[in-house]
Amino acid sequence: MKEDLNDIFVVTGQCPAQQQLLNYVQGKLSAAEQHEVEKHVADCELCSDALEGLAAIPQKERLPVMVRQMKWQLLRKLRKKNHRRRSAEYPVDYYIQLVLIVMAVLFLVLAAFWMMHFMLK
């Protein structure tokens with residue numbers, strides 16, 4: 001996985017890091033850092049929504065574990081979806097296998113016919 005996709009807040013460049021938002025919700029930031037996060041959240045809808053969602057979780061001490069679990073679940077779902085899409089896009093393997101099976105059957109039929117032809121002579 002690309003490193004820049006690990007944290008969507010890093011991609012925007014100006015947003016606080018995911019860990020900083022988690023620390024804000026858990027009350028672990030200094031007053032100056034809290035002020036910076038609040039100032040940014042006032043202007044950024046993405047961070048505002050993220051902060052609102054994090055604040056709604058009752059067990060604040062479990063937030064890092066929960067966020068990590070959600071990230072892995074999302075990655076698993078994306079991999080499954082990508083695998084399904086890839087298998088639907090590339091049914092060529094299926095057709096290659098089918099052609100090989102048909103050719104093998106034809107070869108066996110022709111070999112049997114050839115053997116029968118020479119045995120009857």
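Colleague: Where is confidence lowest in the protein, and where is it highest?

Modeller: This is a predicted model, in which local features need a pLDDT of at least 70, side-chain atom pairs count only at pLDDT 80 or more, and totals for chains, interfaces and linings use all residues. The term pLDDT stands for the predictor's confidence in each residue, from 0 to 100. On that scale helix H1 (residues 8-12) is lowest, with a mean of 52, and H3 is highest, at 90. Over the protein the mean pLDDT is 80, and 82% of the residues reach 70 or more. Residues are numbered from 1 along each chain as its sequence is written, and side-chain values use heavy atoms, with hydrogens and water left out.

Colleague: Why are H2 and H3 called roughly perpendicular?

Modeller: Two packed helices are described by the angle between their axes and the distance between the axes. Here the axes are lines fitted to C-alpha atoms over the stretch in contact, and angles run from 0 to 180 degrees between N-to-C directions. Helix H2 (residues 18-26) and helix H3 (residues 31-43) pack at about 110°, with axes 11 Å apart. Angles under 35 degrees count as roughly parallel, over 145 as roughly antiparallel, 65 to 115 as roughly perpendicular and the rest as oblique. The pair H2 and H3 is therefore roughly perpendicular.

Colleague: What makes up the contact of H2 with H3?

Modeller: From H2 come Gln20, Leu21 and Tyr24, and from H3 come Gln34, Val37 and Glu38, where contact means heavy atoms within 4.5 Å. By class the contact has 3 nonpolar, 2 polar and 1 charged residues. In that scheme Ala, Val, Leu, Ile, Met, Phe, Trp, Tyr, Cys and Pro count as nonpolar, Asp, Glu, Lys and Arg as charged, and the others, Gly among them, as polar.

Colleague: Why is H2 called oblique to H4?

Modeller: H2 and H4 pack at about 45°, with axes 10 Å apart. That angle makes H2 oblique to H4. The contact joins Leu21, Leu22, Tyr24 and Val25 of H2 to Ala50, Leu51, Leu54 and Ala55 of H4. Its residues divide into 8 nonpolar, no polar and no charged.

Colleague: Is the crossing of H2 with H4 left-handed or right-handed?

Modeller: H2 passes H4 in a right-handed crossing, whereas H2 passes H3 in a left-handed one. A crossing is left-handed if the near helix is turned anticlockwise from the far one by less than a right angle, and right-handed if clockwise. The crossing of H3 and H4 is left-handed; these helices pack at about 115°, with axes 6 Å apart. There, His40, Val41 and Asp43 in H3 meet Glu45, Cys47, Ser48 and Leu51 in H4.

Colleague: How do you know whether Leu21 is buried or exposed?

Modeller: Leu21, in helix H2, has a relative accessible area of 1% and is therefore buried. The limits are under 20% relative accessible area for buried, over 50% for exposed and in between for partly exposed (1.4 Å probe, protein chains only). Others buried in H2 include Gln18, Leu22 and Val25. Leu21 and Leu54 lie 33 residues apart in sequence and 8.3 Å apart in space, C-alpha to C-alpha. Of the 121 residues of the protein, 18% count as buried.

Colleague: Why does Arg62 count as partly exposed?

Modeller: Its relative accessibility is 36%, so Arg62 counts as partly exposed. Arg62 is found in the loop between helix H4 (45-55) and helix H5 (63-89).

Colleague: What makes Ala17 partly exposed?

Modeller: Ala17 has a relative accessible area of 33%, and is therefore partly exposed. Ala17 is found in the loop between H1 and H2.

Note on methods
Helices (H or I, at least four residues) and strands (E, at least two) are DSSP runs, numbered from the N terminus.
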